[in-house]
Amino acid sequence: MDSIFILTGAGISAESGLGTFRDKGGLWTRYDLSRVATPEGFRADPALVHDFYNMRRKNCLDAAPNAAHAALARLERDHPGEVTLVTQNVDDLHERAGSTGVIHMHGELRRALCAACGHRWPAPERMLPEEACPSCGRPATRPDIVWFGEMPYRMDEILERLARATLFVVIGSSGEVYPAAGFVDEAAAQGIPTLEINLEPSGRRGLFDRGLYGPATEVVPRWVAESLRD
């Protein structure tokens, strides 16, 4: 059975108005990441961290899925084999486009996590440091986001699915953030065909068997249509 493994990055959501990690002048460049995207930063100034993610959450809620998200939902629905969709993104645009079972390896903006007991629940649009965990009652609410120095979620499951893939595809990612950056090496070592779909070739283009380049809203729907005709 054909099994397509897809990893998406910030580039697939850029045309929906969500900036990529390295956008010049973007949200990330205006903050010291050690202060807003690390456990140590959260302990030092939880209010600053919440302000940062409240802005990101509002940006996410104001955005809408684009044609690339819709195309991947179509692929999942119509492909006769298995489609695994893993995303480095913390937005929910894949789900709003119709994808199910998305693996968010870096967490989700619209989920909250208790730093004290590990309980998770749907996040309100605006989170505050003094909010109590609904399970243990401690004021330890944080975004359910994987920060620098923390282990991405569901890695054992991700690697298991990658091992049975018959095609590995990266969409909208620079391929420079580990451990996701190592997936193409793992695929190549197992003889799995690899495809990069990006606005332009990444610095790791040479590791892929094929590359398709251009705006995600144009290239991804075209690739999906061709894949479903095969």
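1. In strand S6, Thr 141 is the bridge partner of Cys 114. The model is a predicted one. The bridge belongs to the pairing of strand S4 (residues 107–114) with S6, which is antiparallel and runs over five bridges.

2. Which order do the strands of this open sheet take? The order is S5-S4-S6, three strands with antiparallel pairing. Strand S5 (120–122) and strand S6 (141–145) are the edge strands, each pairing on one side only. From one strand to the next, the twist averages 45 degrees. As a general point, strands of a sheet pair through backbone hydrogen bonds, parallel or antiparallel.

3. Helix H3 (residues 46–62) lies across S4 and S6. Its direction makes an angle of about 50 degrees with S6.

4. How many disulfides does a search of the whole structure find? The search finds zero. For Cys 114, the nearest cysteine sulfur is that of Cys 136, 3.7 Å away, and Cys 114 is in no disulfide. The cut-off for a disulfide is 2.5 Å between the sulfur atoms, so the 3.7 Å between Cys 136 and Cys 114 is too far for a bond.

5. Helix H6 (residues 155–163) has Met 155, Ile 158 and Leu 162 as its buried residues. Why do they sit on the same side of H6? Because they cover an arc of only 60 degrees around the axis. The general rule is that an α-helix has 3.6 residues a turn, so residues three or four places apart point the same way. On the other side of H6, Asp 156 and Glu 160 are exposed. The cover over the buried residues of H6 includes strands S1 (3–8), S2 (82–87), S3 (103–104) and S7 (167–171), together with helix H7 (183–189).

6. A search of the whole structure finds five aromatic pairs. One of them joins Phe 5 and Phe 183 in an edge-to-face arrangement, 6.2 Å centre to centre with 85 degrees between the planes. Phe 5 lies in strand S1 and Phe 183 in helix H7, so this pair ties together parts that are 178 residues apart in sequence.

7. The rings of Tyr 53 and Trp 147 have centres 6.3 Å apart and planes at 40 degrees, so the pair is tilted. Tyr 53 is in helix H3 and Trp 147 in the loop between S6 and H6, so the parts tied together by this pair are 94 residues apart in sequence. Tyr 53 counts as buried at 1% relative accessibility, and Trp 147 does so at 2%.

8. Which residues do the ring pairs link into a cluster? The cluster consists of Phe 42, Phe 52, Tyr 53 and Trp 147.

Technical notes. Residues are numbered from 1 along each chain as its sequence is written. This is a predicted model: local features need pLDDT of at least 70, side-chain atom pairs count only at pLDDT 80 or more; totals for chains, interfaces and linings use all residues. Side-chain values use heavy atoms; hydrogens and water are left out. Buried means under 20% relative accessible area, exposed over 50%, partly exposed in between (1.4 Å probe, protein chains only). Helices (H or I, at least four residues) and strands (E, at least two) are DSSP runs, numbered from the N terminus. The arc is that of the directions from the helix axis to the C-beta atoms. Contact means heavy atoms within 4.5 Å. Two strands pair if DSSP finds at least two bridges between them. Axes are lines fitted to C-alpha atoms, for helices over the stretch in contact, and angles run from 0 to 180 degrees between N-to-C directions. Rings of Phe, Tyr and Trp (its six-membered ring) pair if their centres lie within 6.5 Å; planes under 30 degrees apart count as stacked, over 60 as edge-to-face and the rest as tilted.
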